[in-house]
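Please read them with the coordinates open.

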Amino acid sequence: MSLTGAEIDTLYKLGKYGSQEDGDLPSKSGMYGLVAKGFAKQDYRFDKSNHITHLGIERYNRIFGGKDDIWIR
């Protein structure tokens, strides 16, 4: 399954820096695409409502390596 540039940018932000508020995402359309593909989820019960999923972590590691990212370990 391929990702758009907006989805890749958003996946990077979630993987590198953890959960984000809507206004801190590089792309809302990228977030919606990640949610549709199962790589992220939104839960507005939390202050930072946009989260990476386990499937998203796997994809992040395949794309970016994830070795130096504390959040991904």
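The numbered points below go from the overall fold to helix packing, salt bridges and aromatic rings.

1. Basis. This is a predicted model, in which local features need pLDDT of at least 70, side-chain atom pairs count only at pLDDT 80 or more, and totals for chains, interfaces and linings use all residues. Residues are numbered from 1 along each chain as its sequence is written, and side-chain values use heavy atoms, with hydrogens and water left out.

2. Fold. The chain has three helices and two strands. These are DSSP runs numbered from the N terminus: helices are H or I with at least four residues, strands are E with at least two. Along the sequence the pattern reads α-α-β-β-α.

3. The chain has 73 residues, and 40% of them are buried. Buried means under 20% relative accessible area, exposed means over 50%, and partly exposed lies in between (1.4 Å probe, protein chains only). A contact is a pair of heavy atoms within 4.5 Å. Of the chain's contacts with a separation of 6 or more, 44% join residues 24 or more positions apart.

4. Two packed helices are described by the angle between their axes and the distance between the axes. Axes are lines fitted to C-alpha atoms, for helices over the stretch in contact, and angles run from 0 to 180 degrees between N-to-C directions. The angle classes are roughly parallel under 35 degrees, roughly antiparallel over 145, roughly perpendicular from 65 to 115, and oblique for the rest.

5. The residues in that contact. Helix 1 contributes Ala6, Glu7, Thr10, Leu11 and Leu14, and helix 2 contributes Ser29, Gly30, Met31, Gly33, Leu34 and Lys37. By class, the contact of helix 1 with helix 2 has five nonpolar, four polar and two charged residues. Nonpolar covers Ala, Val, Leu, Ile, Met, Phe, Trp, Tyr, Cys and Pro; charged covers Asp, Glu, Lys and Arg; the others, Gly among them, are polar.

6. Helix 1 against helix 3. The axes of helix 1 and helix 3 come within 10 Å and cross at roughly 105°. That makes helix 1 roughly perpendicular to helix 3. On the helix 1 side are Ile8, Leu11, Tyr12, Gly15 and Lys16; they meet Gly56, Arg59, Tyr60, Ile63 and Phe64 of helix 3. The contact of helix 1 with helix 3 has six nonpolar, two polar and two charged residues.

7. How many salt bridges does a search of the whole structure find? It finds two. The criterion is a side-chain nitrogen of Lys or Arg within 4 Å of a carboxyl oxygen of Asp or Glu. Lys37 pairs with Glu7, with the closest N and O atoms 2.7 Å apart. Lys37 lies in helix 2 and Glu7 in helix 1, so this pair ties together parts 30 residues apart in sequence. Glu7 is buried at 5% relative accessibility, whereas Lys37 is partly exposed at 24%.

8. Salt bridge at Asp43. The side chains of Arg45 and Asp43 meet at 2.6 Å, N to O. Arg45 is exposed at 71% relative accessibility; Asp43 is buried at 16%. Asp43 sits in the loop between strand 1 (40-42) and strand 2 (50-52). Leaving aside neighbours within four places in sequence, Asp43 contacts Ser49 and His51.

9. Gly18. This residue lies in the loop between helix 1 and helix 2. Gly18 is buried, with a relative accessible area of 2%. The C-alpha atoms of Gly18 and His51 are 7.0 Å apart, although 33 residues separate them along the chain.

10. Aromatic rings. The structure holds three aromatic pairs. Rings of Phe, Tyr and Trp (its six-membered ring) pair if their centres lie within 6.5 Å; planes under 30 degrees apart are stacked, over 60 edge-to-face, and the rest tilted. The rings of Tyr60 and Phe64 have centres 4.9 Å apart and planes at 45°, so the pair is tilted. Both residues lie in helix 3 (residues 54-64), four residues apart, about one turn of the helix. Tyr60 is buried at 1% relative accessibility, while Phe64 is partly exposed at 32%. Tyr12, Tyr60 and Phe64 form one aromatic cluster.
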